[in-house]
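Here's a quick briefing for anyone meeting this structure for the very first time.

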Amino acid sequence: MAKSLRSKWRRKMRAEKRKKNAPKELARLKQALSLDKKVDDVMAEVQEIATVVPAEKIKKQTDVEMAEGDEGKMDMDSKRNKKTMLDENGQYPVWMNQRQAKKLKGKRTTKKVGQGKKKKGIAW
């Protein structure tokens with residue numbers, strides 16, 4: 001689909017840019033690989049100073065702690081009506097936008113008003 005002159009020109013220029021930047025990119029990759037070896041040396045020094053614990057072991061410990069205690073529960077707003085989403089002061093939650101609040105308010109008020117009136121009409 002991309003057959004316009006502009007897209008052909010852009011493709012050509014991107015190819016030239018790749019050729020121009022290839023040596024720099026190769027050098028950067030080689031440097032990153034050599035840094036990896038240096039990191040291993042640094043980690044060996046760190047292991048002499050401090051104890052290094054694998055991440056899997058830490059994850060297992062946190063999973064066991066979460067299973068033993070129920071302290072991982074969040075403090076939810078228990079004084080909020082789940083149907084109307086209003087709290088004890090008649091306020092909607094902070095995350096609710098005005099459109100949602102208006103919709104819920106409309107549902108609440110139509111139930112009260114709609115039941116009182118009956119339509120007049122001819123009964124067949």
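Let's start with Asp40, which comes out as partly exposed because its relative accessibility is 49%, and partly exposed is the range between under 20% (buried) and over 50% (exposed). Asp40 sits in helix 1, the stretch covering residues 5–49. Keep in mind that this is a predicted model.

**The overall layout**
- The chain has three helices and zero strands.
- Going along the sequence, you'll read the pattern α-α-α.
- Helix 2 covers 55–68 and helix 3 covers 98–116, with a loop between them.
- How much of the chain is buried? Of the 124 residues, 8% count as buried.

**Charge on the surface**
- Is Lys3 buried or exposed? Lys3 is exposed, since its relative accessible area is 63% and the cut-off for exposed is over 50%.

**A nonpolar patch**
- Val39, Val42, Met43 and Val46 make a nonpolar surface patch of about 300 Å².
- Met43, a member of this patch, is placed in helix 1.
- With 36% relative accessibility, Met43 counts as partly exposed, because that value falls between the 20% and 50% cut-offs.

- Ser7 belongs to helix 1.
- Ser7 has a relative accessibility of 17%, so it counts as buried, the cut-off being under 20%.
- What does the side chain of Ser7 reach? It gets to the backbone oxygen of Ser4, at 2.9 Å.
- Arg80 lies in the loop between helix 2 and helix 3.
- Arg80 is buried too, because its relative accessible area is 19% and buried means under 20%.
- A polar atom in the side chain of Arg80 lies 3.2 Å from the backbone oxygen of Gln91.

- Met85 is not a glycine, yet it has a positive phi of about 65°.
- Why point that out? Because most residues other than glycine have a negative phi.

**What to look for again**
- On helix 1, find Asp40, Met43 and Ser7.

Key. Residues numbered from 1 in each chain as written. Predicted model: local features only at pLDDT ≥ 70, side-chain atom pairs only at ≥ 80, totals over all residues. Heavy atoms only, no water. Helix = DSSP H or I, 4+ residues; strand = E, 2+ residues; numbered from the N terminus. Buried < 20%, exposed > 50% of the residue type's maximum accessible area, 1.4 Å probe, protein only. Patch = residues over 30% accessible without salt bridge, like charges linked within 9 Å, V, L, I, M, F, W, Y side chains within 5 Å. Areas by Shrake-Rupley, 256 points an atom, 1.4 Å probe, with all protein chains shown as cover. Salt bridge = Lys/Arg side-chain N within 4 Å of Asp/Glu carboxyl O. Polar contact = N/O pair within 3.5 Å; in protein donor to acceptor, adjacent residues only side chain to side chain.
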